[in-house]
Amino acid sequence: MKILSIESSCDETAAAVTEGRQVLSSVVASQVEEHKLYGGVVPEIASRRHAEAVAGVCRQAVEEAGCTLDDIGAVAVTYAPGLIGALLVGVNFAKGLALSLNKPLIPVHHLRAHIAANYIAHPDLEPPFLCLLVSGGNSLIVEVLDYTHFRVIGRTRDDAAGECFDKSARAMGMPYPGGVHLDKIADAGNPDAYRLPRPTVDGSPYDFSFSGLKTAVVNLIHSASQKGMEVNVPDLSACLRRRVCDMLLENTLLAARDCGLDKIVLAGGVSANSELRRRMGDSCKKAGYALWYPPLSLCGDNAAMVGAQAFYEYAAGHLAGQGLNAAATMPIEHPTF
Ligand code: KG4
């Protein structure tokens, strides 16, 4: 069955046609250039741009898949979590489309979709496995029990890893989204140049806390400027990248050991980070764990991953009616369906 999927949770309007784990087309209209002007995503602008783009992006996805709307067996949509106004555009468009085509509507949790990006890239990957899910808005360690059952092992208590990268990068003068720029600039820096804290969460060894790290970076920048000096941007980037990766790596490997899982999967925008991939690869090799991560093209928001997860949600009977609503927050384990 061909599924037409729609993604509009943040600043990419995306549509894809998939069949099982196979991607027939995937179209992404990014708003990044516009939000760059403001140093971050402006929710009101995001909603408006989604409303303008969604119909065209869906039309293009169907055309590029070499089919027509008559060939579409179900419509899937990201309904949570994300920017509420942005999500509502996709949800309402998908509801209208499913109603007019008289086809089932499949609600997809955005974070489940990020994990499913790996199913597209790795046809042999099957749960159970442990997933480090790190994006601009979320940082979780999740036990993926099967395709639609999840257990959160660890989570951030404050900022997400991507937010820590983006806000620190902005303070260092890099454009939005800073994480990707910081990753490149860090290659030229000395990761021992600055001392940054290594925050831990008392009594919760798998949980993260990134806000203190971000504040430490901002404080270093301010105290340098008060002395009429400037921080060394490549050095500070390298220190921050190493510290964030230390935290992600140590907690994930500890969770894998304690849960008895020897398959580790990375997902979300921050899984594009070069140091995270390299060091996780080295550590997994040493520990005898198998490691999977998505290709760079599937790390960020896209609708192909929504389609891959929708395939499993449909098989599990997780369908929505016209009463489907968007939600800004929603735990990955307990969707409303
Ligand atoms: O998954 P995503 O596209 O959006 C959310 O669902 O949040 O993730 C975007 C995040 C941003 O914070 C961006 O800076 C970060 O992923 N990111 C990176 C890299 N590429 C993207 N962070 C670190 N290193 C990268 N190479």
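**Strand β6.** I looked up strand β6 (residues 129-134) and found six of its six residues buried, so the strand is largely enclosed by the rest of the structure. Buried means under 20% relative accessible area, exposed over 50%, and partly exposed in between, with a 1.4 Å probe and protein chains only. Strands (E, at least two residues) and helices (H or I, at least four) are DSSP runs numbered from the N terminus.

**Basis.** I note that the model is predicted: local features need pLDDT of at least 70 and side-chain atom pairs count only at pLDDT 80 or more, while totals for chains, interfaces and linings use all residues. Residues are numbered from 1 along each chain as its sequence is written, and side-chain values use heavy atoms, leaving out hydrogens and water.

**Side chains.** I checked the directions next: F129, C131 and L133 point one way from β6, and L130, L132 and V134 point the other way.

**Partners.** I then looked up the pairing of β6; two strands pair if DSSP finds at least two bridges between them. Strand β7 (residues 139-146) runs antiparallel to β6 and is joined to it by six bridges. The two strands form a hairpin with four residues between them, and V134 has S139 in β7 as its bridge partner. Strand β9 (residues 263-267) runs parallel to β6, with four bridges joining them. In this pair, I found L130 opposite I264 of β9.

**Residue Y314.** Lastly, I located Y314 in helix α11 (residues 304-315). I recorded Y314 as partly exposed, because its relative accessible area is 34%.
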